[in-house]
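Subject: Structure handover

Hello,

Here is the structure I said I would pass on. Please have it open while you read the notes below.

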Amino acid sequence: MNIENLEIGKTAQVWNLQNQPRLELRKAIIKARMMTGSYILQSDKHKFTHFIAEPICQLCNTENEDIVHMVTSCPVLSAVREKYYVEMKKEILDSIDPIKWNTFCCNKMEITRLILDCNNFKGTLNISSELITKIEEKGRNLLFQLHAKRIEVLNALNNK
Ligand SMILES: [Zn+2]
C-alpha cells in the first residue's frame with residue numbers, strides 16, 4: 001500500500017514538471033484568444049448565430065456574458081477571481097501610487113483592459129518593465145484559472 005502511494009506520488013511529480021512548459025503555452029494561448037476577441041463567449045454566440053443563441057451568461061443567468069462580465073463580474077467565478085486578482089492587485093499597489101490606480105483603473109472595463117494587456121497602462125500608471133512582466137504573468141494565470149473554472153461549470157451543466 002505504501003509503495004503504491006509512493007509510486008503514484010512520484011509519477012504525478014514528473015508529470016507536472018514535464019508539462020510545465022505546455023501549461024504555460026496553454027495559458028498564453030487562452031490569453032491571446034481573449035485579447036484578440038476570438039475567445040467565444042455567450043454574447044459572441046448571440047451575434048454569430050444572428051440572435052438564435054441567448055447572450056445571457058450560462059453560468060449565472062444574471063448578465064450577458066462578455067469578456068468584462070467573465071473577467072470582473074460573474075458571481076460563479078468569484079472565488080477564482082478573488083484568489084488570483086487580489087494577488088495581482090497587491091503586486092501593483094506595492095509599486096505604484098494608489099491615487100494613480102484609483103484614477104486610471106477605476107471601473108470594470110479598465111480593469112479588464114489591464115488584465116488583458118497591461119501594456120495599455122504602462123504610461124498612465126508609470127509601470128516599470130519589470131513590473132509589467134510580473135503583472136503579465138499574474139494576468140495570464142488569472143485568465144487561465146477563470147477559463148478553467150468556466151469550462152468546468154459549463155461541462156457540469158451540460159452533463160445534467
Ligand atoms: Zn455569469
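What follows is a short account of what was found in it, from the whole chain down to single residues.

Please keep in mind that this is a predicted model.

The chain overall. The secondary structure consists of seven helices and zero strands. The chain has 160 residues, and 37% of them count as buried. If you take the contacts between residues at least 6 apart in sequence, 56% of these join residues at least 24 apart. The chain exposes about 10,100 Å², with carbon and sulfur atoms supplying 56% of that area.

The zinc site. Which residues hold the zinc ion as protein donors? They are Cys57, Cys60 and Cys74, each through SG, and His69 through NE2. These donors lie 2.1 to 2.3 Å from the zinc ion. Their spacing in sequence is C-x2-C-x8-H-x4-C. The angles among the four donor atoms run from 103 to 118°, and the site is tetrahedral. For comparison, the ideal angle for four tetrahedral donors is 109.5 degrees. Cys57 has 0% relative accessibility, so it counts as buried. Cys60, at 14%, counts as buried as well.

Helix α4. This helix covers residues 78–93, which is 16 residues. At 1.5 Å a residue it should span 22 Å, and its end C-alpha atoms are 21 Å apart, so the two values agree. Its buried residues are Val80, Arg81, Tyr84, Tyr85, Met88 and Ile92. They pack against α3 (67–73), α5 (98–104), α6 (108–116) and α7 (129–158).

Salt bridges. Side chains of opposite charge can pair when their charged atoms come close. The structure holds nine salt bridges, and three of them are described here.

- Lys90 pairs with Asp94, with the closest N and O atoms 3.0 Å apart. Lys90 and Asp94 are both exposed.
- Glu110 pairs with Arg113 at 3.1 Å, N to O. The two are three residues apart in helix α6, so about one helical turn separates them. Arg113 has a relative accessible area of 34%, which means it is partly exposed.
- Arg140 pairs with Glu136, and here the closest N and O atoms are 3.5 Å apart. Both lie in helix α7, four residues apart, or about one turn of the helix. Glu136 is partly exposed, at 21% relative accessibility. Lys31 joins Glu136 and Arg140 in a network of salt bridges.

Regards

Conventions: Residues numbered from 1 in each chain as written. Predicted model: local features only at pLDDT ≥ 70, side-chain atom pairs only at ≥ 80, totals over all residues. Heavy atoms only, no water. Expected span 1.5 Å × (residues − 1). Buried < 20%, exposed > 50% of the residue type's maximum accessible area, 1.4 Å probe, protein only. Contact = heavy atoms within 4.5 Å. Donors = N, O, S within 2.8 Å, 3.2 Å for Na, K, Ca; no water. Tetrahedral: all angles 85-135°; square planar, octahedral: opposite > 155°, others 65-115°. Areas by Shrake-Rupley, 256 points an atom, 1.4 Å probe, with all protein chains shown as cover. Salt bridge = Lys/Arg side-chain N within 4 Å of Asp/Glu carboxyl O.
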